[in-house]
Structures are given as C-alpha cells and as structure tokens.
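Thanks for coming, everyone. Please have a look at the structure on the screen, and I will walk you through it.

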Amino acid sequence: MKSLQESFLGASSFGTGQHCCYDSQYRPMYHGLEQRYISPTTGKCRPLVVQAVHPKHRQNIERIEVRVGDNTPKARKLALWLVLHAPYRLEDLPMWLVRWAWFTLALIWPFNVPKHTGLYPAYLSRYYGQLWIARSSREHSERRKKLGIKAVEPVREITHGAHPNQLFIHNPVSNSWDVCSDSNIIKQQRYIAISYVYKDIVPEGTDGPTELRLKQEFLTEVQAVVESLDESAYWIDITLIDSAAIRKFPEKVDKDLYRMADVYRSAQFTLIMLSPPPPVTEKEAWLKYGERLWTLPEALLSRELRFRFRAGDVTPITLHQLANRAYVHLAEESAIVNAYGLRDPLERLERLSLLKAALWRRESSNLKRILEKQEQGFETFFKAERVYALMGFFEHRIHPHAKETMLQALVRLSMANDNDRLVERMVCLLPPPSPGIPQTACWYAEQDEWGANLWDIEPEIQVVGMTEDHALILGGCRAAAIRWKDFPSIAFATRPSLKRTIANYLPNIFWEILIAGILLEIVYSNSGATPAGVHALLIIGILLMLLAPPLVAYGTSGRIVHAQPWLIGVRGLISVEEASDLLYGGSVFALPRTSYSASGTPLSITETGQFRRGDKIQLDLLKPRDGRREADDLYTLVDTLSATIYYFRAARPPTVCLYMGRESGMGRFVLCSERCTINQLHKETVVRMPWHISQNMRACDWVALG
C-alpha cells in the first residue's frame with residue numbers, strides 16, 4: 001500500500017545528506033553543502049552546475065564547474081563552418097565532406113527545436129515559514145507569541161499625546177517641585193523641556209551612590225534656572241522616565257518613548273543645559289551635544305531654543321545657530337536644518353531619509369540610564385534606540401520593546417508608514433564595495449553604488465513581514481531563473497526579408513525533392529523511358545543539397561528583432577562576439593548581435609560618442625594582465641531580450657533575478673543566490689536593466705530575502 005501511495009503521491013522524503021530542505025508539498029529532501037537551485041522546469045532542488053571560461057579542475061564543495069557550452073542547432077553551426085572553411089586545399093576536403101554529410105542529416109533532425117513563449121523561465125519556489133513580524137493582523141506573528149504581545153494593540157492611543165504623562169510643577173505653598181501625574185492639571189499647564197547630555201552629568205564608571213548625588217545636584221540646578229525664568233513647570237527624562245519604579249516596569253518606558261517627540265513639540269521652549277566638567281570649553285561642549293542621538297530630534301522638534309553653559313545666563317539660540325555650533329556633518333544635514341527652520345521645505349520621503357542618515361551617524365546611548373542592571377548582572381537596553389528616535393518624525397509609530405533589534409524595529413516602522421516604503425527602497429540599493437552586502441539582512445543598505453537616494457527609487461514590491469533572523473518577506477515580486485549550466489537553444493526572429501525566407505525554406509526540402517526524383521527514376525527506368533522532368537528534379541535536388549550551407553548561413557543571418565527571453569550566467573568574462581556565437585550559432589552578416597551594458601553595473605562604462613551604448617573598453621579593463629586568470633568573483637550575465645551582457649562581481653553565482661523597482665528610467669533587478677535549507681534568498685548584486693523586460697517575467701509567490 002505504501003509503495004502504491006508513493007507511486008501516485010511521491011515519497012515522503014528523498015535524497016541523502018545532513019542538510020534538509022522542503023519541496024512544494026513540504027516533503028523533506030536531504031543533501032550536502034553544495035550550492036543548489038530550484039529547477040524552473042520541475043520545481044525541485046538540484047545541485048548547481050556553473051559554466052566557466054576557465055573551470056576549476058579541482059571541484060570545490062560548493063558547486064560543479066564545466067566549460068562554456070551551447071545548444072544551438074547543429075545544422076546552423078555546421079552551415080556556417082562549411083561556408084567559412086571552404087576546402088581550398090586537397091587535405092582539407094575529407095573533413096569538409098564529412099561535416100557536409102553531417103550537415104545534410106542535421107537538416108532533417110526533428111528534435112532540439114526551441115520554443116518561443118515570450119517569458120523568462122519562472123522561479124517556482126516560495127517562502128513557507130512563519131513570520132516573526134507580520135504586516136497583516138490576520139497573519140500569525142511569532143513575535144507576539146514569544147514576547148506575549150496582544151494580537152491587536154491600541155497603538156494610536158498610546159503613541160500620540162497632546163501633553164506629557166508627568167511634569168515637575170512648582171508648589172508655591174511648600175516651595176517645592178512635585179511630580180504631577182494628573183492629566184487634567186497637565187493639560188492646562190505651560191511647561192519647558194530640558195535637553196542635556198547625560199555623560200556631562202554622570203561620567204562613565206560612576207558608582208551608584210555618586211550617580212544619585214550627581215543627578216540630584218543637576219535637578220537642583222535645573223529647578224533654580226527654571227524659577228529664574230518665571231516658569232512653574234518643566235519636563236526632564238532623567239527623573240520622569242529614569243526612575244527606580246520604571247525599572248521594575250519596563251513597559252512604562254516603552255510607552256513614554258512614544259511621546260518624547262510630542263513632549264518637545266508641546267513645550268513652550270526647550271532649554272539646553274550644557275554642564276560639562278572642567279576643563280571642557282563651550283565649543284567642545286556643543287560638539288559633544290551635537291553628536292548625541294536624542295539631542296537631534298529634541299532640537300528639531302522644539303518651538304524655540306535657549307541654552308545655558310554651566311552657570312552662565314540663559315541665552316536664546318536659533319536652530320541654524322545651534323547647527324553651526326554643534327553639528328559636525330552640517331553639509332549633509334543642512335537640508336534638515338533648513339526644513340525644520342521653516343526656510344526650505346522638503347518632500348516627506350526626502351526629509352525622513354535625511355533624518356535617518358543623520359540619526360544613524362550619531363552616538364547611541366543605548367538608553368542604559370533607563371534600564372541598567374538587572375538580575376544576575378545582565379544589562380538590558382533598547383537595541384533599536386535609533387529607530388525609536390526616528391519614529392517621532394513619523395505620523396504612525398510603533399510600540400518599542402527592549403528585546404527588539406534595530407532592523408526588526410525599522411521594518412515595523414516602515415510597514416506602519418507604508419506610503420514612505422523606506423525598507424522597500426533599501427532593497428533596491430547596491431551598497432558600495434566597502435562595507436559591501438552584509439551576510440545577514442542583505443536587504444539593508446544605507447548607500448548606493450550609483451549614488452541614488454531612497455527617494456529616487458520607485459519600488460514595485462511590498463514588505464509582507466520579517467523572520468526572526470532578519471530576513472524580509474516580500475510580496476509582489478516578478479522573478480526569473482538564471483541558467484548556469486550552458487547556453488540554451490534560443491528561438492529568435494530576424495528582420496522580415498523575402499530573400500531570407502526563401503533561403504531558409506529551400507534547404508529544408510532538398511531531401512524530399514531528391515528522394516522523389518530517385519523514386520521516379522526507379523519507376524520510369526523499368527518502363528524504359530524517363531521523362532526530362534525527372535532528371536530536372538534530380539538536378540534541382542542535388543543543387544539544393546550543394547547550396548544548402550550558404551543558403552542556411554544567409555537565411556539565419558540578419559538583425560535579430562526578437563528572441564526568447566533568457567538570463568544566462570557565466571563565471572568569467574566573454575565578449576559580445578562570443579556571446580552571439582553561443583546564443584545563435586554565429587552569423588555571416590550583422591554581427592555582433594549583443595551589446596555591452598552602458599550603465600547596468602558598477603563595472604559598466606558608457607561611450608562618450610553620439611550614441612548611448614556600452615564601451616568595449618570595460619572588457620579590456622577587466623581582463624587580467626600577464627596571462628593570469630580573472631578573479632573568481634567576476635561573472636557575465638547575458639540577457640537575450642535586451643541583447644545585452646553585464647559584468648558584475650558576486651560572492652556566489654546568483655540563480656534568481658528579482659524585479660524590485662525603478663530608478664532613473666531603469667529597472668532595479670536584484671540577483672540572488674538560493675539558500676534552500678533556510679528557505680531564503682541572498683542578495684549578491686543589483687543590476688540596472690531596461691524596465692520593460694520586467695513585463696516578460698512571471699509574478700512569483702512570497703520570497704524571503706535574508
């Protein structure tokens with residue numbers, strides 16, 4: 001019964017090895033460490049075979065390498081050889097006749113006829129795991145399960161506030177400063193916000209009792225300054241957030257982090273207390289203030305700014321004056337300062353992108369002053385502090401959590417503000433060689449090799465969620481499989497021509513004419529008289545047989561106007577002439593039939609002449625000198641639809657091409673290798689190819705990019 005079931009439904013598991021992956025029916029398959037790919041014809045996991053210009057004779061553990069091969073029709077290749085190698089010498093005649101005989105038989109070979117579908121080979125795999133973070137509340141979220149979070153959180157109710165949760169309010173009766181938590185009183189209370197650098201107050205390495213004393217001295221100083229300004233209330237996080245009670249209830253810190261942006265927005269003004277220990281100068285104090293993470297949003301979101309250096313007077317200061325004193329990277333951040341200084345408005349996406357870059361440049365305090373020492377000496381802090389500082393500039397915010405990583409928080413923030421689609425745009429970027437594409441969370445990028453900004457990208461995908469190991473789950477992708485084992489037989493059409501049509505047709509009927517003439521000759525030879533038409537038929541058949549090579553060579557030449565879409569990879573470098581021969585079997589006329597990429601990869605070089613096209617010098621510059629072989633990370637990608645070849649570098653041969661978005665009139669295509677054991681793709685490089693070829697790619701299911 002079991003064997004009968006396996007005959008119809010397949011085996012429950014198959015393969016040998018220690019590493020396991022699953023097929024579309026969730027059946028396990030075991031194999032070794034070699035690089036593998038999902039076959040576009042069967043959907044099964046197979047070991048990768050890579051064609052290489054110089055294959056390694058000693059096979060490594062990752063993949064098998066073979067010489068570059070092709071599958072173009074034999075008749076076409078033999079016809080070109082016969083035309084180009086005419087037997088001018090007697091010793092060449094036997095080989096020429098043997099190949100001519102082979103050619104005549106290849107003309108009637110009925111197999112290896114390429115088909116034209118108009119679509120690239122499909123990527124048949126999908127992500128089948130659970131989500132750590134899910135965009136939709138209808139999806140199961142491992143994060144909610146493991147962290148004990150409710151399925152539906154009242155995020156809006158706790159992420160935005162018109163007033164702080166607590167304030168220090170002066171009590172004139174007792175002449176003391178009391179913490180007020182009554183929202184009815186706080187709503188009507190005018191207050192100021194205090195901004196400072198924590199390390200100025202409590203130096204690193206300070207013990208517990210000394211830390212408490214220094215904090216109290218600073219609070220006493222702040223209260224004296226506030227009284228001198230005739231203000232009766234102030235807000236400061238050193239006590240209103242950082243307290244012993246909150247350490248026992250970290251979830252309260254989570255909610256207070258939501259409203260820090262609103263606290264500074266609602267304050268009458270923000271007072272910057274510069275209290276560095278001697279001998280730090282005021283200039284040095286400003287630079288130290290500007291490099292801290294939270295001081296940037298505190299300054300940008302404030303209505304008005306004032307500052308006090310040590311025991312000096314309280315002095316008004318504009319945002320631009322503060323930026324000139326405190327911000328080291330003012331050249332990159334001047335647009336943000338102008339936008340929040342109400343001088344030059346910025347588009348929302350550009351503003352948020354610049355803010356992210358500015359916050360990521362600053363030193364993170366890890367909020368250790370909020371959650372410090374826990375049981376057994378374990379130190380807890382907010383790993384995603386930069387994201388929580390950034391979310392104050394967004395309309396929709398997320399619920400902070402101390403155990404959440406920065407990338408997880410960034411993805412949640414991006415999904416909550418889908419109109420900005422920050423993470424989707426990051427996927428389309430190609431990081432510069434240094435630091436390069438990360439081994440994990442390969443989608444994350446802060447810079448682009450082509451100098452594009454996030455707002456230059458128009459994504460065509462959507463982030464569905466994220467896995468616990470920081471892999472993005474993407475939906476709406478168009479994908480194509482990349483062929484590596486050899487060049488396939490490609491169906492193509494040349495420019496319409498009556499001459500070529502006739503030249504293509506005649507060689508295919510000479511066998512019929514010749515056989516018909518021979519049969520008629522046999523029939524009439526028995527009757528004694530053979531008509532002249534029979535002899536003419538024999539002569540025509542023989543002439544067509546002799547002229548078949550040049551007729552085929554001429555009929556398959558000419559400019560190619562359309563070809564079956566394929567993406568073909570080669571380890572090493574091949575020229576456009578070599579690519580044309582491997583794709584179409586060569587041609588007597590109209591070569592080459594492929595061209596170099598003008599700007600598709602960082603290795604592309606554009607001609608400076610009249611036409612926009614790739615310069616051949618890019619191949620010459622990449623070729624090694626002194627007879628050495630090219631680097632192992634150099635690859636060639638051939639696209640038959642756009643008739644273009646691309647040179648790129650990658651750690652592993654990419655087997656999947658994903659269309660992600662558009663930029664500057666070009667499509668952004670991410671080339672990925674497959675990690676079937678973890679059901680993820682890994683970004684190897686990004687290629688700029690014509691946008692229109694994405695329309696010839698099939699839509700695929702969810703994929704994990706990690």
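I will go from the core to a strand, then to salt bridges, cysteines and backbone angles.

A word on the source. This is a predicted model, where local features need pLDDT of at least 70, side-chain atom pairs count only at pLDDT 80 or more, and totals for chains, interfaces and linings use all residues. Residues are numbered from 1 along each chain as its sequence is written, and side-chain values use heavy atoms, with hydrogens and water left out.

Let's start inside. In soluble globular proteins, nonpolar side chains tend to be buried together. I call a residue buried under 20% relative accessible area, exposed over 50%, and partly exposed in between, using a 1.4 Å probe and protein chains only. A nonpolar core is a set of buried Ala, Val, Leu, Ile, Met, Phe, Trp, Tyr and Cys residues joined through side-chain atoms within 4.5 Å. The largest one here has 99 residues. Which members touch the most others? They are Trp 286, Leu 322, Trp 443, Leu 474, Leu 658, Met 660 and Leu 705. Helix α16, residues 348-360, gives the most to this core, with 7 residues. Helices here are DSSP runs of H or I with at least four residues, strands are runs of E with at least two, and both are numbered from the N terminus.

Take Trp 443. Contact means heavy atoms within 4.5 Å. Leaving aside neighbours within four places in sequence, Trp 443 is in contact with residues including Leu 407, Val 411, Met 466, His 470 and Leu 705.

Next, a strand. In β11 both faces are covered. Ile 192, Ile 194 and Tyr 196 are buried on one side, and Ala 193 and Ser 195 on the other.

What does β11 pair with? Two strands pair if DSSP finds at least two bridges between them. β11 pairs with β12, residues 233-235, in the parallel sense over 2 bridges. There, Ala 193 has Trp 235 as its bridge partner. β11 also runs parallel to β13, and 4 bridges join the two. Ile 194 has Leu 271 of β13 as its bridge partner.

Now the charged side chains. A salt bridge is a side-chain nitrogen of Lys or Arg within 4 Å of a carboxyl oxygen of Asp or Glu. How many are there in the whole structure? The search finds 28.

Here is one of them. Lys 56 forms a salt bridge with Asp 632, with the closest N and O atoms 3.2 Å apart. This pair links distant parts of the chain, 576 residues apart. Lys 56 is in the loop between β6 and β7, and Asp 632 is in the loop between α24 and β24. Lys 56 is partly exposed at 28% relative accessibility. Asp 632 is partly exposed too, at 42%.

A second pair is Glu 282 and Arg 325, at 3.7 Å between the closest N and O atoms. Glu 282 lies in helix α12 and Arg 325 in helix α14, so the pair ties together parts that are 43 residues apart in sequence.

On to cysteines. A disulfide is a covalent bond between the sulfur atoms of two cysteines. The rule here is a pair of cysteine sulfur atoms within 2.5 Å. The count is 0. Cys 45 is buried at 8% relative accessibility, and Cys 676 is buried at 17%.

Last, the backbone. Most residues other than glycine have a negative phi, and most peptide bonds are trans. Asn 175 has a positive phi of about 55°. Asn 175 sits in the loop between β9 and β10, and is exposed at 55% relative accessible area. Now back to His 470. Its phi is near 75°, also positive. His 470 is in the loop between β17 and β18, but counts as buried at 18%. Finally, a cis peptide bond joins Pro 278 and Pro 279, with omega about 5°. Pro 279 is in the loop between β13 and α12.
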